[in-house]
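Subject: Structure handover

Hello,

Here is the structure I promised to pass on. My notes follow below it.

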Amino acid sequence: MNPEIILSNKINITNIKRIAAWAADNCENKEKLWSFVHSSDRRTSVNALWAMTHLPASESDWLFTLRDEMIDMLMSETDPGKKRMLLQILRDQDYEPEHIRTDFLDFCMSKINSECEPYAVRCFCIYTAFKMCVHYPELISEFEQHLDMMLFQPLSPGLESALRQTKTKISKL
């Protein structure tokens with residue numbers, strides 16, 4: 001299998017799962033997949049990120065080692081598809097109080113109410129910001145203000161669901 005050729009073409013979920021399986025449990029292949037994320041070819045880069053979203057849970061430790069790089073990439077990224085997939089990966093990670101990057105938290109908070117951002121990016125920012133804010137009551141209060149501002153905007157069903165689920169979690173704190 002030549003993953004670079006596969007990733008550089010239009011592909012489907014079957015191919016994505018095959019690439020994810022190829023990379024799983026093989027350090028060299030995972031590093032190759034990560035290098036494809038940095039490709040100057042948009043399709044290769046997007047497809048590599050898509051494959052990374054389908055890595056098994058057993059690869060969460062490896063993905064955690066890439067967290068700072070992914071955050072840096074996310075904050076300078078302009079491609080909405082790449083932002084969505086980076087946030088999807090980052091959303092699934094745990095955030096301990098001593099490992100929270102304030103620039104990333106600020107990024108997520110700023111995107112929650114940004115109507116210029118795609119709905120998926122906003123949803124993933126809600127979920128990720130909650131995981132970071134949950135450790136600090138004062139941040140939860142600020143976070144709730146951001147969520148309350150959303151009520152004055154037209155919301156997609158997905159955003160409404162993210163808002164409702166997150167408010168429910170906050171009420172249980």
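The side chain of Glu-59 reaches the backbone nitrogen of Asp-25, at 2.6 Å. Keep in mind that this is a predicted model.

Glu-59 sits in the loop between helix 4 (42-52) and helix 5. Its relative accessibility is 3%, so Glu-59 counts as buried. Setting aside neighbours within four places in sequence, Glu-59 is in contact with Ala-24, Asp-25 and Lys-30.

Asp-25 belongs to another loop, the one between helix 2 (13-23) and helix 3. Is Asp-25 buried or exposed? At 65% relative accessibility, Asp-25 counts as exposed. Its backbone deserves a look too. Most residues other than glycine have a negative phi. Asp-25 is not a glycine, yet its phi is positive, about 60°.

Next, helix 6. This helix spans residues 67-76, and its buried residues are Arg-67, Met-70, Ile-71, Met-73 and Leu-74. Why do they fall on the same side of helix 6? Because they cover an arc of only 165° around the axis. An α-helix has 3.6 residues a turn, so residues three or four places apart point the same way.

What covers those buried residues of helix 6? The cover includes helix 3 (27-37), helix 5 (60-65), helix 7 (80-91) and helix 8 (102-112).

The largest pocket has a volume of about 290 Å³. It is lined by 15 residues, and those closest to its centre are Ser-60, Leu-63, Ile-89, Asp-92 and Gln-93. Helix 5 and helix 7 each supply at least two residues of this lining. Helix 5 gives the largest share, 4 residues. By class, the lining of the largest pocket holds 7 nonpolar, 4 polar and 4 charged residues.

Last, Asp-103. This residue is found in helix 8. Its relative accessible area is 32%, so Asp-103 is partly exposed. The side chain of Asp-103 makes a polar contact with the side chain of Arg-101, at 2.8 Å. Asp-103 and Pro-137 are 34 residues apart in sequence. In space they are 19 Å apart, C-alpha to C-alpha.

Best wishes

Notes. Residues are numbered from 1 along each chain as its sequence is written. This is a predicted model: local features need pLDDT of at least 70, side-chain atom pairs count only at pLDDT 80 or more; totals for chains, interfaces and linings use all residues. Side-chain values use heavy atoms; hydrogens and water are left out. Buried means under 20% relative accessible area, exposed over 50%, partly exposed in between (1.4 Å probe, protein chains only). The arc is that of the directions from the helix axis to the C-beta atoms. Contact means heavy atoms within 4.5 Å. On a 1 Å grid over the protein atoms alone, a cavity is a set of points where a 1.4 Å probe fits but cannot get out, and a pocket is an open set with protein on both sides within 12 Å along at least five of seven lines; lining residues have an atom within 4 Å of a point. Grid points are joined across faces, edges and corners, and a volume is the space filled by probe spheres set on the points. Ala, Val, Leu, Ile, Met, Phe, Trp, Tyr, Cys and Pro count as nonpolar, Asp, Glu, Lys and Arg as charged, and the others, Gly among them, as polar. A polar contact is a pair of N or O atoms within 3.5 Å; within protein, one must be able to donate a hydrogen and the other to accept it, and residues adjacent in sequence count only if both atoms are side-chain atoms.
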